[in-house]
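Take a look at the protein below.

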Amino acid sequence: MQSVERAFELLETMAAAGGMVGLSKLAQESGLALPTIHRLVRTLVDLGYVRQEPSRQYSLGPRLIRLGESASHLLGTWSRPYLTRLVDAVGESANLAMLDVDQIVYVAQVPSRHSMRMFTEVGRRVHPHCTAVGKAVLAHLPPGDVRALLGRTGMPAQTEHTITDPAMFAQVLDQVRVQGYAMDDGEQEVGVCCVAVPVLGTANPLAISVSGPAPRMTAEVVQRAVPLLHRAAEDLGRELAP
């Protein structure tokens with residue numbers, strides 16, 4: 001059991017480091033002796049869960065992709081009742097998204113019943129700084145991690161409304177923490193408005209949202225959606241808690 005725990009700890013350390021790391025870094029982060037780490041890593045390499053790069057660093061291996069795809073599919077299945085409940089109550093599309101390294105990936109959606117509705121393809125990847133789900137997630141990460149992520153992505157403008165200044169974005173995250181929800185008002189797509197809250201207490205950073213055409217996403221709709229989003233996030237968080 002101890003070896004299994006240590007192997008997964010190494011995989012999580014590699015993921016937190018961006019997917020590639022050297023043995024010395026693994027030793028520093030895990031506190032394990034180098035011979036122990038080397039033995040575990042070699043086993044993971046042989047199984048295909050880790051690969052050794054020409055630089056002699058180690059990266060996450062291709063067999064993890066299949067596990068991740070299966071887990072993502074199950075996550076969508078587990079979240080669907082909560083998303084459906086939101087659609088029934090608010091009338092707009094509901095989404096579940098996850099932070100994957102430096103990007104937000106949508107893992108589930110239940111579309112609105114309106115003929116004109118927002119549709120986000122499951123598996124779509126976007127930058128966190130221009131989405132409500134991204135802001136909801138980043139607001140609950142350490143500020144240093146957020147600054148590093150924004151530095152790597154460069155905060156590109158998706159529309160004329162996208163926030164591209166790190167200092168201004170930090171103020172937005174402060175506001176998100178105070179008010180308990182995040183907004184995207186045409187920052188990812190012109191004419192689309194989204195409100196999101198984080199799903200706390202899970203192994204991966206998640207957020208749940210409601211999105212629709214800006215004319216329908218009035219202040220009254222947003223204020224009605226927020227407590228429903230929090231309830232759905234709390235219920236889903238309890239189900240997914242490790």
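## A sheet and the helix across it

Helix α8 lies across strands β4, β7, β8 and β9, and runs at about 35° to β8. Keep in mind that this is a predicted model. The mean pLDDT of the protein is 88, and 94% of its residues reach 70 or more. Among the elements, helix α1 (residues 2-16) has the lowest mean pLDDT, 79. Helix α5 (residues 132-138) has the highest, 97.

Now the sheet. What is the order of its six strands? The order is β6-β5-β4-β9-β8-β7, in an open sheet with antiparallel pairing. Strands β6 (125-126) and β7 (182-185) stand at the edges. Each has a single partner strand, so one side of each is left without a neighbour in the sheet.

| Strand pair | Bridges | Direction |
|---|---|---|
| β4 and β5 | seven bridges | antiparallel |
| β4 and β9 | six bridges | antiparallel |
| β8 and β9 | eight bridges | antiparallel |

Start with β4, residues 93-100. This strand is mostly covered: seven of its eight residues are buried. On the β5 side, L96 has A108 as its bridge partner. On the β9 side, N95 is partnered by S209, and M98 stands opposite L206.

Strand β9 covers residues 206-213. Is β9 mostly covered or mostly open? It is mostly covered, with eight of its eight residues buried. L206 of β9 is also the bridge partner of V199.

β4 and β5 form one, with two residues between them. In that turn, V101 has a positive phi of about 60°. β8 and β9 form another, with six residues between them. In this second turn, G201 has a positive phi of about 80°.

## The nonpolar cores

In soluble globular proteins, nonpolar side chains tend to be buried together. How many residues does the largest nonpolar core have here? It has 32 residues. Those with the most contacts inside it are L86, L96, V195, I208 and L229. Several elements each supply at least two residues of this core: α4 (63-90), β4, β5, β8 (192-199), β9 and α8 (219-240). The largest share, 10 residues, comes from α8.

I208 shows how these parts meet. Leaving out residues up to four places away in sequence, I208 touches a list that includes L83, L86, N95, L96, V195 and L229. V133, V197, V199 and A232 are also among its contacts.

## The cysteines

How many disulfides are there? The count comes to zero. C130 is in no disulfide: the nearest cysteine sulfur, that of C194, is 11 Å away. C130 is buried, with a relative accessible area of 0%. C193 is in no disulfide either, and the nearest cysteine sulfur to it, that of C194, is 7.3 Å away. Why does C193 count as buried? Its relative accessibility is 3%, and the cut-off for buried is under 20%.

Notes:
Residues are numbered from 1 along each chain as its sequence is written. Side-chain values use heavy atoms; hydrogens and water are left out. Buried means under 20% relative accessible area, exposed over 50%, partly exposed in between (1.4 Å probe, protein chains only). Helices (H or I, at least four residues) and strands (E, at least two) are DSSP runs, numbered from the N terminus. Two strands pair if DSSP finds at least two bridges between them. pLDDT is the predictor's confidence in each residue, from 0 to 100. A disulfide is a pair of cysteine sulfur atoms within 2.5 Å. A nonpolar core is a set of buried Ala, Val, Leu, Ile, Met, Phe, Trp, Tyr and Cys residues joined through side-chain atoms within 4.5 Å. Contact means heavy atoms within 4.5 Å. Axes are lines fitted to C-alpha atoms, for helices over the stretch in contact, and angles run from 0 to 180 degrees between N-to-C directions.
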